[in-house]
Amino acid sequence: MRLHGPNRAGRLAALGVALSFVFAFGLAERAAAQTGTITGSVQDAVSQAPIAGAQVSVVGTSLGQLANNVGRYLIINVPAGQHTVRVDMIGYGSVEMEVNVPAGGAATADFNVRQDAIALEGVVVTGTAGQARRREVGNSISQIVAEDIQYTAVTDFGDVLQGRTTGIQVNDHSGQVGAASQIRLRGNNSLTQGNNPLIYVDGVRLESNPIGSDDEGAQTPSAFDMINPADIDRMEVIKGPAATTLYGTEAAGGVIQIFTKRGVAGAPAWTASIEQGMSVMPHQGPGADVNPSGLFLNTCRDPGILNHQTGQTGVDEPGCPERGSWFRNAHHQVYNLSVRGGGETATYFVSGQYGDRQGVVEPQGADNYSVRANISFQPADGLNIQLNSSYGRRNITWIPNGNNASGLYLNVLRGTAGYTPGNDDSLVLENEIITHLDQYVTGLAVNWAPNSMFSHRMNVGIDYTSSDFIDFKGWGFYERHTGDREVDQQFDRNLTFDYSGTFNYSPLEAITSNLSFGGQVYEEFNYTINGFDREFAGPGEQILGGGNLPQVFEGRITTRNGGFFVQEVVGLNDKLFLTAGMRWDGFSTFGEGFGLAAYPKVQAAYTISDEDFFPFDFAETFKLRAAWGESGKAPGAFAAKRTYSATSADEQVPAVIISNLGNSDLGPEVSSEFEYGVDASFLNGRVSVEFTAYDQTTRDALIGVQEAPSGGTEQATLRNLGEVKNWGTETLLNVVPIRTDDIEWDIGINYSTNDSEITDLGPLEDLGTSRTVGLPLWIRWDDIIQNPNEIGALPQWEKGYIGNLFPTETVGLNSRLTLWRTLTIDVVGEGQYGMVRPIGIAYQNVRRRVWPGDGCPAIQEQYYSLRGSGASRVATMGLPAADIARCIGPYSDQGIWTDPADFFKIRSASVTYRLPDGIVPGARSAQIGIAGKNLLTWTDYRGLDPEANDNGFGDSTPNEYYNMAPPRIFILNLSLNF
Amino acid sequence: MIMKRIARAGRGALVTFIGVFALTACELEVLNPGRILDEDLTTRDLMPILVSGASAEFNHIGDFYAFDIARLTDDLAGTGSYFSTGQYRRGVFDNENSEGHWEQAHEAAWAAGSAWERLQEVLEGEANSFDGSARLFLLMGLAHRMLGENFCDLVYDKGPLQPRTAAFDSAIVALNQSITIGNAAGASAFVTAAHGGIAQANVGLGNWSAAVQAAAQVPTDFVHYAIYHQTANSNGVWNESWGRAEVGLWATPAQTVFDGDPRAPYTICGAWDDPSGPSWGEVTPTGDCTGQGSGAHQGADGLTAHYRQNKYPEQGSDVPIVSGTEMRLIEAEAALVGGDLATFTAKVNEVRAFYGADPIDQPASVGAMEFPNAQDDAMSILDRERYLTLWIEGRRLFDLDRWQHPFLQGGTLIGPGAEPRVSCMPVPEIECTLNPEIQNSSVCT
């Protein structure tokens, strides 16, 4: 038999192919037979809620997977054998589990992870260049996670921050829905440039100044409150210049970064929640024995109760609502719906909210809606692109209040000594005050790691916020009879561009090096139109231009900040990390002769518990840290230039007047801070402690200094002449006294101190009455009675320091008890101590003889029944001078009506029950809860509320002046996951 | 290999970094089309708005002084809720209260001087015949006159303490310059006003012959005003008495002693149920003020019946600064100082006739200032006539001071009186702080 060549060749080829196939198949089969899979779930150990997005990895390999949106994961092609599987999730402690992967089979590893505020492997990104593990960071950094928010009675963004951690002070200034809270991190360090922290959402900086105006309601809304708390995944808070150096100018007041939820691979997972709630105002003012009507607020019509103004029985205030009270039980309703899911290369999170919250005084209240879409792409290995967008709208109806002659409280509390004709205080509510807020925030975040050595992060974003404020007193209004209209439109556009690159290199096995560099450009455009008109012809077209005296003012200001930085982090054995960095900034408001501002930083972090010589086995984590750094505050627009203002003179002829003399050497004020502390956990994480001490000095502080007025202009020129010191400690203790399968009880205690001193004001001794050399920043300086106990004498006064306006101590207490993994009781309390607040209502009501407290009615009756000079009447009465000062109008003074404003409040209390699975058809899980806010307050303060403030959230001289106290709020919540 | 990877990935980073650096080095100017910079004010056409600016600065002090001096004297009574209400009512005014008054008057003079310097640069020789220049010196001179009348001591240009008469000297120099330029420019109204200002300043110096000589240049019907407008720069006295009820006439001489004089008109917005004294809840709206301003019937203190002044009935009502009727009273006072009661009476009656008031008979004696005013002798008549003619014009404090009026020994207003009441404003604390020349002087220590 002869084989032909081609055929033979073909057969050989066919044989080869066949053998190759068989060989290849056989190898593949053998390979498959040598690998397996690992699957399982990741859940919160306490609530059993799935932890979507948790990173599950096989230690020592590149294998890993994110838990999907129901907490499930699957890792394939895992070599058969023994492996360590590890779960990492921000805000939770890392957990490892040993598994044996059978060849061709599957191993199961279900994880229960627990929250851990100081998890050293947790990744943080705020204040770092790129991302860093907490063990690498030398400054303190606080985190608040979604679960904290879930159990808190939240009505706005400020509630999320209250009482949970150290160094943060958040005050509710008003009970009016829509009024922003004031936020301070480590107190105040700027004399003149504001102390609001910077707030970023997913890397995009938000407007941190008040949005719009509300001088009639004495409160201001905030851009922060446009953030839907239900969208927040976690927050990172860095509180001082030691941590905020890389943010440069403007960051001396600290930085809060909010990370919103994002999509996770898996089928769509929906979450819906419904909130129904009610606000209730408790008794207002002095005790019910002398003030049964609650200063005519709680009860304005009741024939059977004491009228504290007349001393007779019967209260019947004209204009009193039919219910007999100015307060109503105000209804809240909030609806949230969100969905997240996606595939391997793209995920999404989409949410929406509608809310309608009534205020306790009709027609006060606010409605809002917001939508968010966060989309992530992973088009290639190492490349992640996130597009985060949100839009929100809020419509707030205010009531006129505060230091406002046509305000409700001012007129109601003064009884017949108010300003309304016939004491009909309902007339003031004809004043229509409305704020419409719109906010659009979008950001593109690109993270690119082309290889294991390089990584890049870039954020580009815009925050566009607009406010439309209307204050309208129509034709026929009791005051300004022919009408008065004000319309203020404000547009803020904030552009953020931020890049950082990091080069990782390990020259030796024990040494790692991270060299980072980058820059940031921030542009703020502020556009305002303020329109006024008066003297309308009558009902009909009562808009701007419809009256006889239209006026309009326009403002357009653009400021820009550009900076770049370099930072090097050297790690030794993954235990000791040393950081050095520098940021340089240019700013459009600096003087021409100033140049660039430079802000250095150095840090050290040492996880000494990882050392073999560390002797304390009961301490699984013990990290020492220290950081020193600087950041700044820029002067305002045009402060460096000599400018004139256009105005009208005489009979409206154009004119210019000097506005600012300018200072070409003007630069930023620079805050430097040294902080040091320890993070430690003991007893398997059941006890954890964070302690930080900090010491800040703000030099070149910006203060307005004028020449001696006899030299000419009274205009003050901003100069870098001041110095402020600011120091304190922060201690956070978390204890888990009970941890069983059925019961978990977490207790958190945080305690912060903060004090300050103005050490230099250049040639000045003070900047008004609230800032004086040698005293803390923001104080009350007022008349102090010198002869309080002298009998029968007129009060004698001397001006002096009464106290701080901001707390020197804050205490937070948190308790979360979870029973049978289904029932959670969460309580957050917060105390603030060491501050005083002027009680404007008491002082002004005493002057009008309408203050029922402190025995004043009897003292006043005695005084006014006498005849003769004031001195002779006081002598006849034979009372201590303090009584006269407190109760007799002509001798009274706001100084004696300034009280310590220490308080402790139950900020939030909630009971949440996770319904048994299956009880809601179609739902994966469901829970109901009831929560309360401001349920209890302990204070000796004699005003309406120690937090009430007339001047809105950006103000540093809080005082109470006919402002609505925050009410009690009860919220019923139903949440479904399906 | 590593170096190649570094080079490849590093190129991208370098490009990005350079881009960021370039961005940060780009235009960082503050942008705002609305703000006026110093270099913008160099053209001839803009000189009138500089003069208007100086006028605006002066107008700021006209009503400000009128309001506070009314509360410190007996022109008006504080009935409000401002913290200063009770204090001023007791005649207490310290070196913190005087800050704004001192600074604004100095700035008014400084603004006029600065504008004059720029006028000279831009207009060169023409500045000496520009009517705006005459106005600038008039404003400057009147600002100095106000400083001299109201402050106990003076300081100029961060220098040492000087007697208040230094301000009158400065006023006269500036006002004479106004006359010179005004005559060259044909600005007769400014010239007349400057003569009136010179007369006022000479009263301050006690130089009666010069005062009379200057006063004679001012016709009786002449008035030079600080100008107000209902939107641009509203009259502060109107705001505080019509827009609010911070001041009123109840229990002031205008209401209790000189009631009905046409120079001190007022409306009773709220009537006491019991006229004997203030007590809460006992003021009934009369309805006469409904729909006007705030329409308030009681003071902002919630206690006092609101007796609303009508001298400034509009938000844009102007405040007289120099008037011919005041000139006649200066002539009358000069005659009185010289013992010429006939001339005194004639001049007073000239003023009264101008306002439609009945003439008076020649008083029998010179007499003395009294409180309350008995209206029975020449001094009391002079007191009354100046009180009424210059009512709420910010002039009363100086009269009380130079006459050492018995009102200063307590006054009559409700509540306790401090004795003596202030009759001039102290050099403010801010001047003491920032001016080393006076830090150790008696007014600062």
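Me: Which way does H2(B) pass H4(B), in a left-handed or a right-handed crossing?
Reply: H2(B) passes H4(B) in a left-handed crossing. A crossing is left-handed if the near helix is turned anticlockwise from the far one by less than a right angle, and right-handed if clockwise. This is a predicted model: local features need pLDDT of at least 70, side-chain atom pairs count only at pLDDT 80 or more, and totals for chains, interfaces and linings use all residues. Residues are numbered from 1 along each chain as its sequence is written, while chains are lettered from A and ligands numbered from 1 in the order in which they are written.

Me: OK. At what angle do H2(B) and H4(B) pack?
Reply: Helix H2 (residues 47–72) of chain B and H4(B) pack at about 165°, with their axes 9 Å apart. Axes are lines fitted to C-alpha atoms, for helices over the stretch in contact, and angles run from 0 to 180 degrees between N-to-C directions. That angle makes H2(B) roughly antiparallel to H4(B). The cut-offs are under 35 degrees for roughly parallel, over 145 for roughly antiparallel, 65 to 115 for roughly perpendicular, and oblique for the rest. Helices (H or I, at least four residues) and strands (E, at least two) are DSSP runs, numbered from the N terminus.

Me: Which residues in H2(B) meet H4(B)?
Reply: Among them are Leu50(B), Ala54(B), Phe58(B), Ile61(B) and Phe64(B) in H2(B). In H4(B), the residues met include Ala105(B), Ala108(B), Ala112(B) and Leu119(B). Two residues are in contact if their C-beta atoms, placed from the backbone, lie within 7 Å. The contact of H2(B) with H4(B) divides into 16 nonpolar, 4 polar and 4 charged residues. Here Ala, Val, Leu, Ile, Met, Phe, Trp, Tyr, Cys and Pro are nonpolar, Asp, Glu, Lys and Arg are charged, and the others, Gly among them, are polar.

Me: And what about H4 with H5 of chain B?
Reply: The axes of H4 (residues 99–123) and H5 (residues 131–150) of chain B come within 9 Å and cross at roughly 160°. So H4(B) is roughly antiparallel to H5(B). Their crossing is left-handed. The contact includes Ala109(B), Trp116(B) and Leu119(B) of H4(B), and Leu136(B), Met140(B) and Leu147(B) of H5(B).

Me: How many charged residues are in that contact of H4(B) with H5(B)?
Reply: The contact of H4(B) with H5(B) has no charged residues, 13 nonpolar and 6 polar.

Me: Is Gly91(B) buried or exposed?
Reply: Gly91(B) counts as buried because it has 24 C-beta neighbours inside 10 Å. The rule: 20 or more other C-beta atoms within 10 Å is buried, 12 or fewer is exposed, in between is partly exposed, with C-beta atoms placed from the backbone. Gly91(B) lies in the loop between helix H3 (84–89) and H4 of chain B.

Me: Zooming out, how many helices and strands are in chain B?
Reply: Chain B has 15 helices and 11 strands. Of its 445 residues, 53% count as buried.

Me: New topic. How many residues does the contact take from chain A and chain B?
Reply: The contact takes 78 residues from chain A and 70 from chain B. Strand E29 (residues 551–572) of chain A gives the largest share of chain A's side, 11 residues. By class, that side has 33 nonpolar, 30 polar and 15 charged residues.

Me: What is the strand order in the sheet with E34(A), E33(A) and E1(B)?
Reply: The order is E34(A)-E33(A)-E1(B), an open sheet of 3 strands with antiparallel pairing. E34 (653–660) of chain A and E1 of chain B stand at the edges, each with a single partner strand, so one side of each is left without a neighbour in the sheet. Two strands pair if DSSP finds at least two bridges between them.

Me: How many bridges join E33(A) to E1(B)?
Reply: 2 bridges join E33 (residues 643–649) of chain A to E1 (residues 36–37) of chain B. Tyr644(A) stands opposite Ile36(B) there. On the other pairing, 7 bridges join E33(A) to E34(A).

Me: What lies across E33 and E34 of chain A?
Reply: H2(B) does, running at about 70° to E34(A).

Me: Last one: which residue has a positive phi in the hairpin of E42(A) and E43(A)?
Reply: Trp820(A), with phi near 50°, in a hairpin that has 3 residues between the strands. E42 (residues 809–819) and E43 (residues 823–833) of chain A pair in the antiparallel sense over 11 bridges.
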